[in-house]
Amino acid sequence: SVLTVACEQTEVLLFDPISSKHIKTLSEAHEDCVNNIRFLDNRLFATCSDDTTIALWDLRKLNTKVCTLHGHTSWVKNIEYDTNTRLLVTSGFDGNVIIWDTNRCTEDGCPHKKFFHTRFLMRMRLTPDCSKMLISTSSGYLLILHDLDLNKSLEVGSYPILRARRTTSSSDTTSTSSSGSRAASSPCQQNDSGLLFEKHMSRPSQREGGSPRNSLEVLTPEVPGERDRGNCITSLQLHPKGWATLLRCSSNTDDQEWTCVYEFQEGAPVRPVSPRCSLRLTHCIEEANVGRGYIKELCFSPDGRMISSPHGYGIRLLGFDAQCSELVDCLPKEASPLQEIRSLYSHNDVVLTTKFSPTHCQIASGCLSGRVSLYQPKF
């Protein structure tokens, strides 16, 4: 019922998405750029900022914040929420993923703990059932925490490493051990992925009859183009049914951009340290690469059949096939091109973000100059 817009100049804008009426401007929501907004329910929402804080807001009383959360030491870029435990999960360019207990929130903030740390962190997402956490990095790695337990603090040495590998062939696989890890390299990072994680880690005991909680998989996803050029995974989204992950990648030289879909390959390895590869590239498409250096946030439709992707001064609606079929009904044996369903251009600057309404047949897009556009089909 409310469209919220995160702005560069400390503001949050609120609109009625049906009438396009401007409801309110939170002119000093933060002391620096507002980066992300996440609704926790139909009245509470959280915002995060380059001022290193997260703020909680109540739609019924927007004159003041519910509380401000302090814990990050650099720009906060991402907010996730587990509705089952009511735990807020945030990530920032300090490399930290922090858990906030909103069950015990006061005006002074919420109890929190550092859950995970990795260098080069870009984006963090939870799968819809909160069974996995995915983390993308500017050095081309994708990290997956399997069998996720947010209540278990991941101190140094408390999580097992599953062997790192590319999502392509076994020849790209390199091994890890309890004393360190090594992943496939690219020009944009050094070989030793100890740069990504703490170097000394012990392997915890397995739960009886299952793999250990919070086991870590390190992947270098296959991206079209020249493999040895390296990639930065700038945007990370998840299929609403948890079937796939959606990445926006740019080349190390920032002259190519790709949108890629990876299907989850379920099933635990035979042994906790066996080589595994949980993702398979199914669809991809090259992007316009307009507005180099800016991160473009793309998204799935609520039913998962379409993708909305920033493309130059507009957005493209993409499908897995021309009929907008379900992903599971049109899985190719080899990676196939995403199909362009429609292109929508109404901006005079580079589009940076796009989002489907979860309840209405409507899409929103926002560009670098601050214009927000709303689209809905004509019947």
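Which residue's side chain meets that of Arg305 in a salt bridge? It's Glu326, with N and O 3.6 Å apart. Before the close-ups, note that this is a predicted model, where local features need pLDDT of at least 70, side-chain atom pairs count only at pLDDT 80 or more, and totals for chains, interfaces and linings use all residues. Residues are numbered from 1 along each chain as its sequence is written, and side-chain values use heavy atoms, with hydrogens and water left out.

**View 1. Arg305 pairs up with Glu326.** A salt bridge here is a side-chain nitrogen of Lys or Arg within 4 Å of a carboxyl oxygen of Asp or Glu. Arg305 sits in the loop between β21 and β22 (306-311), and Glu326 in the loop between β23 (314-319) and β24 (336-337), so the pair ties together parts 21 residues apart in sequence. (Strands are DSSP runs of E, at least two residues, numbered from the N terminus.) Glu326 is buried at 11% relative accessibility, while Arg305 is partly exposed at 30%. Buried means under 20% relative accessible area, exposed means over 50%, and partly exposed is in between (1.4 Å probe, protein chains only).

**View 2. Glu257 and Lys296 form a salt bridge.** Here the N to O distance is 3.4 Å. Glu257 belongs to strand β19 (residues 257-264) and Lys296 to the loop between β20 (279-286) and β21 (299-300), so the link spans 39 residues of sequence. Glu257 is buried, at 4%, and Lys296 is buried too, at 3%.

**View 3. Arg213 reaches Asp147.** Their closest N and O atoms are 3.3 Å apart. Arg213 is in the loop between β15 (161-166) and β16 (215-220), Asp147 in the loop between β14 (142-146) and β15, so parts 66 residues apart in sequence get tied together. Both partners are partly exposed: Arg213 has a relative accessible area of 24%, and Asp147 has 25%.

**View 4. Cys33 has no disulfide partner.** A disulfide would need two cysteine sulfur atoms within 2.5 Å, and the count for this model is zero. For Cys33, the nearest cysteine sulfur is that of Cys7, 10.0 Å away. Cys33 is buried, at 17% relative accessibility.

Technical notes. Helix = DSSP H or I, 4+ residues; strand = E, 2+ residues; numbered from the N terminus.
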